[in-house]
2 protein chains.
Amino acid sequence: MTGPLNGIRVLDLTSMISGPIATMMLGDQGADVIKVEPLTGDLVRGLRADGAGGLSAMFISSNRSKRSLALNLKDPEGLELLKRLIPTTDVLVQNFRPGAIERMGLGEDTVRALRRDIVYVSISGYGETGPYAHKRVYDPMIQALSGLTSIQADAATGRPKMVRVIVPDKLTAVTAAQAITAALFARERTGKGQHIKLAMLDTMVAFLWPEAMTGYTFVGREVHTSRSQLTQDLIYETVDGYITVGAVSDTEWKALCRALDKSEWLEDERFKTLGDRSRNIKDRLDLTADTLKGNTSEYWLARLDAESVPCAPVLSRAEAIEHEQIRANELIRELEHPVVGTIRQPRPAARFDETPSDIQRHAPSLGEHTEEILRQELNLDSDEIEKLRSGGTILVWERL
Amino acid sequence: MTGPLNGIRVLDLTSMISGPIATMMLGDQGADVIKVEPLTGDLVRGLRADGAGGLSAMFISSNRSKRSLALNLKDPEGLELLKRLIPTTDVLVQNFRPGAIERMGLGEDTVRALRRDIVYVSISGYGETGPYAHKRVYDPMIQALSGLTSIQADAATGRPKMVRVIVPDKLTAVTAAQAITAALFARERTGKGQHIKLAMLDTMVAFLWPEAMTGYTFVGREVHTSRSQLTQDLIYETVDGYITVGAVSDTEWKALCRALDKSEWLEDERFKTLGDRSRNIKDRLDLTADTLKGNTSEYWLARLDAESVPCAPVLSRAEAIEHEQIRANELIRELEHPVVGTIRQPRPAARFDETPSDIQRHAPSLGEHTEEILRQELNLDSDEIEKLRSGGTILVWERL
């Protein structure tokens, strides 16, 4: 395997989304990620009936570049096998509800006794203490509590609305991957491991802050009215679809007027300066919208491009993956998965020239690597493996 | 300074959002981040008139934990000063449009000649080659091109809609911070620096993929209908506000029926299994909504909590920052900023027990550290600094 994290081993006890996508990023970057699953498998394997053999699309796209070890941790023998893997492990990640990992017998002290400098990572929904700490959590609860759904409220009715992408879950994954990587860097210099704690709620609020919480940044000068909820967004209808156009600076505004053949706007008192255009945003966007309605997307995009006005077509998902720029970036790969056939996956977004990061392995079937790991890492033989299997301690995947 | 990245120096040539938030994360984690600004300052300093002295709320929340060096890089003397800082620099980050950094005389080869093992980072909007590479870009263009606005389309009209948080910009920041940290880790082991390239467009599409692109994961079995666009979301109106409730598993569904006092739903053929409940989602959500309309948020949340049904109040931003769980997490800090007074900032989301990461410095005024850096790092004396200042090569901030 290649990648900046080559040589690092991760024991991944997480399930669902926030943990698995974090460790997938580490796996894509070359870490040896062992996904430890109960014998029933990660719930996401069968969450939608769109895949085959416990390989839903969502599972595949959250668990590539990992090996699967199916192990019953409620069985003392299973727990013991896991403990024997810890001395060769650099990072252990878990996202059980607070307190659960200690009850399983894998609390930080136990784990650190087996590997002194391990990076031990606890991802929670709400935090490890406080009134919500022990509540069940899904992505929508974090959207609601963080203020995101009120930011997204319907302009006409004021009804709060969800973002239809599980931003809190996946953002927590990326944030966790960064923190884990930082702890690994620090360990190289200090020789010390540590415990990282990360809550989805904290991650989402901190992420919102820079521009969405500007009204709450200056204490005593809070601005409660959300301008963004009252104005239309930058999507404009054309004769045959939608485009987005944004002209901020004076240069861009003048270019927009040229592209739209509206030299009279240049003389309009409402739009003279950046401040004027900001105050009269509704008039400005309404006039722009009225004009853009008069021709096709292709016509306007060509004119706007010619004047260097920031603009883009509004694409459906199907159009996005076929778009000429996404093709030029070689972002979407078609790969053969041994069970489900040809799949599409995006390569990791960040490209490294010395230690290329890439999709390292197909998403595993449940227990696909149980035997390999027990043999290679713990030196078990066929008889021992068969005994564990028939006793219900492990699950060994067998291709049908 | 403390933090996992203590000892690392970052030269930050970025402006706007995607670059500055990436380096702020590194700064919060202990890196010495030198924000190199033109004498006119980062545009975000004055983007909204809500701050003072070039310290808008958005600037403050994207540029803490950094020092500001105001330097005219178009002046050969300014460029030379920057070059003299490179030998002590570990990471150089830039987000100019492709080709611009080479024209400025700071292309990778030039920089690497001054520091062999530097991590050189190029953040772009669309990518460095391809038909869109040289176009101007703001966050809305990436939302439109990536498919995000079509995912967010209005359920009734089908009109694409923006997410009102600049997710592509800020997500690119977190993704860049992770990649930079991974390259620093690799450098510790290999001794080699490298060039990281990251496009906002790639970052957004890769982020959407796991659950939002499931319909395009299996080649030849594409599912173009977006179910999510046709169903309501999980926000329910109560007598006095809104709450969110999500019951997925059988256990959670039974608990929901108890909390809502609807034992008859348990016998309803439409809701027997997870599959039944998924097929009859509209009926299920409509019935739930009708019931929840009948009482207050507090009443329902208490009942749902008592049965361990995942639920949460829908909060405004003002309510979120005062919420008991966010208080328990000690997420929001009140700090004194020397120019603008008391401000609120979220601490970094990830908590490290050995190398605590935290807000290390207030967001700087333009050129606040010009003199300090030139004296300490380049050993310039007062006369030399005054000459550079009066000659328009540097800007030195003076507190009024």
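Which strands of chain B make up the open sheet of three strands, and in what order? Here are my notes on that and a few other features.

1. The model is predicted: local features need pLDDT of at least 70, side-chain atom pairs count only at pLDDT 80 or more, and totals for chains, interfaces and linings use all residues. Residues are numbered from 1 along each chain as its sequence is written, while chains are lettered from A and ligands numbered from 1 in the order in which they are written.

2. The open sheet has the order β7-β8-β9 in chain B, with antiparallel pairing. Strands are DSSP runs of E, at least two residues, and helices runs of H or I, at least four, numbered from the N terminus; two strands pair if DSSP finds at least two bridges between them. β7 (235-237) and β9 (311-313) of chain B are the edge strands with a single partner each, so one side of each has no neighbour in the sheet.

3. Within that sheet, β8 (residues 242-245) and β9 of chain B pair over three bridges, and Val245(B) stands opposite Cys311(B).

4. In chain A, β10 (residues 332-337) and β11 (residues 341-346) pair in the antiparallel sense over six bridges. A hairpin joins β10(A) to β11(A) through three residues, and Glu336(A) stands opposite Thr342(A).

5. Turning to the interface, 125 residues of chain A are in contact with 125 residues of chain B (C-beta atoms, placed from the backbone, within 7 Å). Helix α8 (residues 167-190) of chain A gives the most to the chain A side, with 16 residues.

6. Strands also cross between chains: two bridges join β12 (residues 351-352) of chain A to β6 (residues 194-199) of chain B, running antiparallel. Phe352(A) stands opposite Ile196(B) there.

Technical notes. Contact = placed C-beta atoms within 7 Å.
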